[in-house]
Amino acid sequence: MIETRYGNALNVSSGLIVHGCNCQGVMGGGFALEVKNRFPEAYHEYEKVHRTRGLVLGDICFVEVAPMKFIVNGNTQDKFGPGKRQVNYDAVAEVFIATVKLAKVIETHRGFKPEIIFPQIGAGLGGGDWKIISAIIDAVIPDDYTKVLFLLDPNQ
């Protein structure tokens, strides 16, 4: 089950913060732009992968930005732009399957079971249906992991 918290997911002290990216090497809006601005090392890794081997739907690249705090760039859409759904639901599933594999590696090698944290990935600028996306996320992340949706505080 997905737990909901209010605030900015980027402010957590630890965990795997998963956000959606396009495969064009651009973090120009939404949560991805905030990631780029606050954690430029996460953008640099994403851009490096784009430049060297290309970004593929469903793949992830990640950076540890603080002890036990990781930014996971998930390739959930091929292109970007208004007017149609850009998020690819199969890619969302693949991104979270890969994130669970990463979480297991961290748990095995570092003795820390990270929470898997995300905004409404793909439902904003990506144009996707959050009911569909959240069902995908909930289905692919095992229940023994804490799954946390962060929403902006409606009182702010």
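# Close-up views of a predicted model

**View 1. Strand E6 and its neighbour E5.** Ile 117 stands opposite Val 148 of E6. This is a predicted model, and the view starts with the pairing around that spot. E5 and E6 run in the parallel sense, and 3 bridges join them. Is E6 enclosed or open to the outside? With 4 of its 5 residues buried, E6 is largely enclosed by the rest of the structure.

**View 2. E1 alongside E6.** Here we look at the pairing of E1 with strand E6, residues 147-151. The two are parallel and share 5 bridges. One place to look is Tyr 6, whose bridge partner in E6 is Leu 151. Strands in a sheet pair through backbone hydrogen bonds, in either a parallel or an antiparallel way.

**View 3. The whole sheet, strand by strand.** In which order do the strands lie? The sheet is open, has 6 strands in the order E1-E6-E5-E2-E4-E3, and its pairing is mixed. Strand E1 (2-6) and strand E3 (60-66) are the edge strands, each pairing on one side only. On average, neighbouring strands of this sheet are turned by 30 degrees against each other, direction ignored. Helix H1 (residues 30-38) packs on the sheet and touches strand E2 (15-22) as well as strand E4 (69-77). The direction of H1 makes about 120 degrees with that of E2. Helix H4 (residues 130-140) packs on the sheet too, touching E1, strand E5 (116-118) and E6. For H4, the angle with the direction of E1 is about 120 degrees.

**View 4. Lys 147, a lysine inside strand E6.** Lys 147 has its place in strand E6. Is this lysine buried or exposed? Lys 147 counts as buried because its relative accessibility is 1%, where the cut-off for buried is under 20%. Where does its side chain go? The side chain of Lys 147 reaches the backbone oxygen of Ile 141 at 2.9 Å. Leaving aside residues up to four places away in sequence, Lys 147 touches Met 1, Ile 2, Glu 3, Ile 116, Phe 118, Asp 138, Ile 141 and Pro 142.

**View 5. His 19 and its surroundings.** His 19 lies in strand E2. Its relative accessible area is 1%, so His 19 is buried. Which residues does His 19 touch, not counting those up to four places away in sequence? They are Met 27, Phe 31, Ala 32, Val 35, Ile 71, Val 72, Asn 73, Gly 74 and Ile 121.

**View 6. Helix H3 from end to end.** Helix H3 covers residues 89-110, 22 residues in total. From its first C-alpha to its last, H3 reaches 31 Å, close to the 32 Å expected at 1.5 Å a residue. At the start of H3, a side-chain oxygen of Asn 88 comes to within 3.0 Å of the backbone nitrogen of Asp 90. After the helix comes Gly 111, with a positive phi near 70 degrees. The buried residues of H3 include Tyr 89, Val 92, Phe 96, Leu 102 and Ile 106. What do the buried residues of H3 pack against? Their partners are E2, E3, E4, E5 and H4.

**View 7. Helix H2 and its buried side.** H2 spans residues 40-52. At 1.5 Å a residue, its 13 residues should span 18 Å, and the end C-alpha atoms are 18 Å apart, which agrees. Ala 42, Tyr 43, Tyr 46 and Val 49 are the buried residues of H2. These lie on the same side of H2, because they cover an arc of only 125 degrees around the axis. The face turned away from that buried side carries the exposed residues Arg 51 and Thr 52. E2, H1, E3 and E4 are among what covers the buried residues of H2. Gly 54 follows H2 and has a positive phi near 90 degrees.

**View 8. The hairpin of E3 and E4.** E3 and E4 form a hairpin with 2 residues between them. The two strands run antiparallel and are joined by 6 bridges. Glu 64 has Phe 70 of E4 as its bridge partner. In the turn, Met 68 has a positive phi of about 65 degrees.

Key:
Residues are numbered from 1 along each chain as its sequence is written. This is a predicted model: local features need pLDDT of at least 70, side-chain atom pairs count only at pLDDT 80 or more; totals for chains, interfaces and linings use all residues. Side-chain values use heavy atoms; hydrogens and water are left out. Two strands pair if DSSP finds at least two bridges between them. Axes are lines fitted to C-alpha atoms, for helices over the stretch in contact, and angles run from 0 to 180 degrees between N-to-C directions. Contact means heavy atoms within 4.5 Å. The expected span of a helix is 1.5 Å times one less than its number of residues. Buried means under 20% relative accessible area, exposed over 50%, partly exposed in between (1.4 Å probe, protein chains only). A polar contact is a pair of N or O atoms within 3.5 Å; within protein, one must be able to donate a hydrogen and the other to accept it, and residues adjacent in sequence count only if both atoms are side-chain atoms. The arc is that of the directions from the helix axis to the C-beta atoms.
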